[in-house]
Each structure stands twice: as structure tokens, then as C-alpha cells.
Amino acid sequence: MPDWKKLIAGKIAIAKKGNIKSKATSNERIPAGQTQVTNFPVLDLGVKPDVSTDDWQLRIFGLVEKELTLDWTAFQALNHVTDVSDFHCVTRWSQLDMDWQGVSVQDILALAAPLETAKFVTMHGYDGYTTNLPLEALLDDDVLIAHSVLGKPLSKEHGGPVRMVVPRRYAWKGAKWLKAIELHRYDRRGFWEVRGYHNDAFPFEEQRFSEDDDI
Ligand SMILES: Nc1nc2c(c(=O)[nH]1)N[C@H]1C(S)=C(S)[C@@H](COP(=O)(O)O)O[C@H]1N2
Ligand SMILES: [Mo]
């Protein structure tokens, strides 16, 4: 097991100061405090679950009319799209032009038919990670349940076989090794959100920590 206390303290310190050695850039694509990288770093809790496509299932549950469990075959049969977006990690690196391929979250949620009372979601990873967003943040066209990026199937370290991508928020809002999406009436903070990360996480507003929350 990872040393959680150390890992969490380390990640918060990095996000506060930055430790990226590449040249700092700043333009309309790169939010304040971020540096462009091209090496697609790996960030997680130190646990990389082994999930084969045979074992992988995605469950949509909570406030929905029809709880849904998709296996790999059912997922492959859905409409697949490519969306190119920029990836901003709170630990201060940004990688541009990521050509994510996968299924629009909108399409999968529509199959489950969210109830009127569903306002917030928790995304669950196979490593036990969680992150939260308002349901409406998942309805943007660029929010994908992705299986490929940069022309290749997602590697295990980047969340393969399937991860979420929410390009308009910092990258921690996209769960790797996606296992379930749970819909609720009220907001429930996820793994980093209960440990001081910002609830909304808009990179262009530099919403890194909850001390900057509006509430
Ligand atoms: N399941 C899971 N998803 C996760 C994480 C995690 O630890 N577990 N880390 C998040 C964080 S903090 C970031 S920055 C991105 C990193 O994605 P990458 O490793 O592909 O760069 O994944 C996010 N999704
Ligand atoms: Mo992160």
C-alpha cells in the first residue's frame, strides 16, 4: 500500500509550488501557473489496478430510471467519437492536443435515463478513487469515456482500459480505470476534494484548492 499521508502531502506541496522543470509558457491555451509538457506524465494514488477488457464493467447507478451495467462488447457497440482537447493537471503541467477517443458520456447517461432529482455525480475508479462533479458538467460534448489517446489504446498507467476525460476541469476530475458513475441529489466530495482540492477545478480560474472555493 502507498504511504497515503506522504503521497497526499507531496501532491499538495507540488500543486502549491510547482516542480516542473520544462520552460514556463503562457498563452491563451495554457492557464496561469501551468507549464506545457509533451511527455504525458502519470499521476495516481500509487495503485494501478489490472483491469482487462474481459473483466471491465461500467455501472451507472443511483438516481436513474434504469441502472445500467455495460461490458466491453456493449461499450464497443456504442457510437465512438474523437475529441481533441487540452489536459491540465493541478500539479502544474498541461499537455495540448490530446485526441481522446471514446463514447460521449451524454450517450451513456441517456441509456440510464437520469431522474429529475439527479444533480451531482461521483465517478468511481477500480483503484477506489472517486471524484465529483455536477451532472450538467458531464453533458458537454467533449466529456468522454475514453479508451484511446495519441493514436493508441490507453495504457494501464493512464487508466486503461477506460477512463473519463473532462477537458474543461483540472485532470483529477477524470477518473482513470473507470468503474462506475453514481448520480445523487446532493454533492459528495471525492478523494481529492475532501483533502483540500477545489470542488469546481476550473484551470483558467486557477481553482486548485478549496480555500479558493466560493462557498
Ligand atoms: N482512478 C483514478 N483516477 C485518477 C487518479 C487516480 O489516482 N485514480 N488521479 C487523477 C489525477 S490527480 C490526475 S492529474 C489524472 C492524471 O492522469 P494521467 O496519469 O493519465 O496523467 O488522473 C486523475 N484520475
Ligand atoms: Mo492531479
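Predicted model: local features only at pLDDT ≥ 70, side-chain atom pairs only at ≥ 80, totals over all residues.
**View 1. The end of helix α3.**

**View 2. The buried side of helix α3.** Helix α3 runs over residues 105–112. Its buried residues are Val105, Ile108, Leu109 and Ala112. These four lie on the same side of α3, because they cover an arc of only 100 degrees around the axis. An α-helix has 3.6 residues a turn, so residues three or four places apart point the same way.

**View 3. The largest nonpolar core.** This core has 42 residues. Ile60, Leu138, Ile145, Met164 and Ile181 have the most contacts inside it. Several elements give two or more residues to the core: α1 (4–17), β2 (57–62), β3 (68–71), α3, β6 (120–125) and β11 (178–184). Helix α3 gives the most, with four residues. A second, separate core has 13 residues. Among them are Val37, Phe40, Leu144 and Val165.

**View 4. The contacts of Met164.** Met164 is one of the residues with the most contacts inside the largest core. Set aside residues up to four places away in sequence. Met164 then touches Val105, Met123, Leu138, Val143, Leu144, Ile145, Gly174, Ala175, Leu178 and Ile181. One of these, Val105, is a buried residue of α3.

**View 5. The surroundings of ligand 1.** There are 21 residues around ligand 1. Pro41, Asp127, His158, Arg163 and Lys176 come nearest. Backbone atoms also take part in this view. A backbone N or O atom of Pro41 lies 2.7 Å from an oxygen atom of the ligand. For Leu43, a backbone N or O atom lies 2.8 Å from an oxygen atom of ligand 1. On its own, ligand 1 has 530 Å² of accessible area, and the protein covers 100% of it.

**View 6. Glu182 in strand β11.** Glu182 lies in strand β11. Is Glu182 buried or exposed? Glu182 counts as buried, because its relative accessibility is 14% and the cut-off for buried is under 20%. The side chain of Glu182 makes a polar contact with the side chain of Arg188, at 3.5 Å. Leave aside neighbours within four places in sequence, and Glu182 is in contact with Phe61, Phe120, Val121, Thr122, His124 and Arg188.

How values were computed:
Residues numbered from 1 in each chain as written. Chains lettered and ligands numbered in written order. Heavy atoms only, no water. Buried < 20%, exposed > 50% of the residue type's maximum accessible area, 1.4 Å probe, protein only. Arc of directions from axis to C-beta. Core = buried A, V, L, I, M, F, W, Y, C linked by side-chain atoms within 4.5 Å. Contact = heavy atoms within 4.5 Å. Near = heavy atom within 4 Å. Polar contact = N/O pair within 3.5 Å; in protein donor to acceptor, adjacent residues only side chain to side chain. Areas by Shrake-Rupley, 256 points an atom, 1.4 Å probe, with all protein chains shown as cover.
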